Amino acid sequence: MKILITAERAYSLAFSSEEPYSPSVITEADIATAESRYLLPIVGEELYAALSRYASLKTEYVEPMLAAWVRYIVEPHLATRCCSCYAEGRITEAVNDHTERVMRALREKARALTRRLSDHLNAHSADYAEYNPQTNPLNRCFIHGNIVQVY
């Protein structure tokens, strides 16, 4: 499976050193899911295939965005692995509320990094011959507060 970022790199970008996890919580399938769901629609297939030629784009914009979406994807699984209240069957409303807040914060962070990548590509589209701004869905619609606005 070809992926653009390693689990170790995604982990270093998305998790803090205080968290009790290791990069092994991230699988190649998690990364591939993030790439296909969140990166490919923005950059398009041509630029996706050529990303290895654009090192600064990849390290400054693509990798942080992918890492944020990978964290969003794996977060629900982390809670069930590490929280003793899940093992004992004591999921409370407070735990559910906390989980919802965490997921919302992770999603907003990932969306902000996605918008950052999109804005960079649009501002520097002449630098990336493979990028077509017309295929970028963020140039045609905006999602805010779970409301989709199409331009």
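The model is predicted, so I took local features only at pLDDT of at least 70 and side-chain atom pairs only at pLDDT 80 or more, while totals for chains, interfaces and linings use all residues. Residues are numbered from 1 along each chain as its sequence is written, and side-chain values use heavy atoms, with hydrogens and water left out.

**Cavity.** I searched the whole structure and got one cavity of 30 Å³ or more. A cavity here is a set of points on a 1 Å grid over the protein atoms alone where a 1.4 Å probe fits but cannot get out, and lining residues have an atom within 4 Å of a point. The largest cavity holds about 40 Å³, a volume being the space filled by probe spheres set on the points, which are joined across faces, edges and corners.

I then listed its lining: A14, A67, A68, R71, L106 and K109. By class that is four nonpolar, no polar and two charged residues (Ala and Leu count as nonpolar, Arg and Lys as charged). Helices α3 (55-82) and α5 (93-123) each supply at least two lining residues, and α3 gives the most, with three. Helices are DSSP runs of H or I, at least four residues, numbered from the N terminus.

**H120.** Next I went to H120, in helix α5. H120 counts as buried because its relative accessibility is 13%, and buried means under 20% (1.4 Å probe, protein chains only). Its side chain makes a polar contact with the side chain of Y61 at 3.3 Å (a pair of N or O atoms within 3.5 Å, one able to donate a hydrogen and the other to accept it). Beyond neighbours within four places in sequence, H120 is in contact with L57, Y61 and Y128 (heavy atoms within 4.5 Å).

Notes
On a 1 Å grid over the protein atoms alone, a cavity is a set of points where a 1.4 Å probe fits but cannot get out, and a pocket is an open set with protein on both sides within 12 Å along at least five of seven lines; lining residues have an atom within 4 Å of a point. Buried means under 20% relative accessible area, exposed over 50%, partly exposed in between (1.4 Å probe, protein chains only).
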